[in-house]
Amino acid sequence: MTITITRTLDVKGFACPIPIVRTAQAMKQLAPGDVVEVLATDPGSVKDFAAWSKTTGNPILEQTQEGGVLRFLLQKGGRR
Amino acid sequence: MTITVDRPITETAPAEEATKATGGLTIFCLSGDLERVWATLILSTTAAALGKPVTVFFTFWGLFPLVKNDRGITGEMWMQKMLSFMNRGGTSHLPLSKLNFLGAGPAMMRSLAKGHHVASPEELLALAQDLGVKLVPCQMTMDLMGLKRDDLIEGTEEPAGAATALAAAEGATTLFV
């Protein structure tokens, strides 16, 4: 599927719980179906975003790592 | 930017159902120690980020983090004033439960936290308010310690008692910190 990244959120360097909290804040301003790209360096965020996705119902579309920077593509769930 | 991805890598229930399936979080903040208040704020902001309704009931020593940082002496009677002098309110003045060393411990801990990009209690409290965490001051503690509504930060809920706190705990995950 083809998606458009609505917003990029840079939380590189920030420790728990800032990556998740800032993502939740950003998600509030988006509409269902919108995608946010999150860049993080906290190694714990891999597990935390999985838990966040499961709890909130916002799917993780893609997860990659490049030189210590984790990149998540998160979609806002719910009906459009 | 438009890109192509495979189907989602996480299996999630529809957002409406996922949020409904999770109960809230209610924290009883009894301690005014830096590390405990820090934990309370980390857990409450995270739970709010997870879409949970969060209530924190601030009572006894745990009420002092809600006092404005620029408040010096609070209270009406000399004992209350003495108490606030010995135990100054506000997130900026929280002691550590161990290795406090007259405030040198917390200063070092905050310096370490800053170096590791850990959000400070001040930042987390602001985030908690932004995310809609309900901060409930204990009315009885306010009376006991001589704290007025004006001594507390803006944006808290109406001061309330144990029944309100227990009602918020009904069906929620409850932590006593």
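Leaving aside its neighbours within four places in sequence, with which residues is B:L135 in contact?

The model is predicted. Beyond its neighbours within four places in sequence, B:L135 touches B:V56, B:F58, B:L66 and B:L125, and it is also in contact with B:Q129, B:I153, B:T156 and B:E157.

Both B:L135 and B:V56 are among the residues with the most contacts inside the largest nonpolar core, which has 53 residues. In soluble globular proteins, nonpolar side chains tend to be buried together.

## Aromatic pairs

Over all chains, the search of the whole structure finds 6 aromatic pairs. One of them joins B:F60 and B:W61 in an edge-to-face arrangement, with 5.2 Å centre to centre and 90° between the planes. B:F60 is partly exposed at 32% relative accessibility, and B:W61 is likewise partly exposed, at 38%.

In chain A, one aromatic cluster is formed by A:F49, A:W52 and A:F72.

## A buried loop glycine

B:G89 lies in the loop between α3 (78-86) and α4 (104-115) of chain B. Its relative accessible area is 6%, so B:G89 counts as buried.

Although 24 residues separate B:G89 from B:P65 in sequence, their C-alpha atoms are 5.9 Å apart in space. Leaving aside neighbours within four places in sequence, the contacts of B:G89 are B:F64, B:V67 and B:K68.

Conventions:
Residues are numbered from 1 along each chain as its sequence is written. Chains are lettered from A and ligands numbered from 1 in the order in which they are written. This is a predicted model: local features need pLDDT of at least 70, side-chain atom pairs count only at pLDDT 80 or more; totals for chains, interfaces and linings use all residues. Side-chain values use heavy atoms; hydrogens and water are left out. Rings of Phe, Tyr and Trp (its six-membered ring) pair if their centres lie within 6.5 Å; planes under 30 degrees apart count as stacked, over 60 as edge-to-face and the rest as tilted. Buried means under 20% relative accessible area, exposed over 50%, partly exposed in between (1.4 Å probe, protein chains only). Helices (H or I, at least four residues) and strands (E, at least two) are DSSP runs, numbered from the N terminus. Contact means heavy atoms within 4.5 Å. A nonpolar core is a set of buried Ala, Val, Leu, Ile, Met, Phe, Trp, Tyr and Cys residues joined through side-chain atoms within 4.5 Å.
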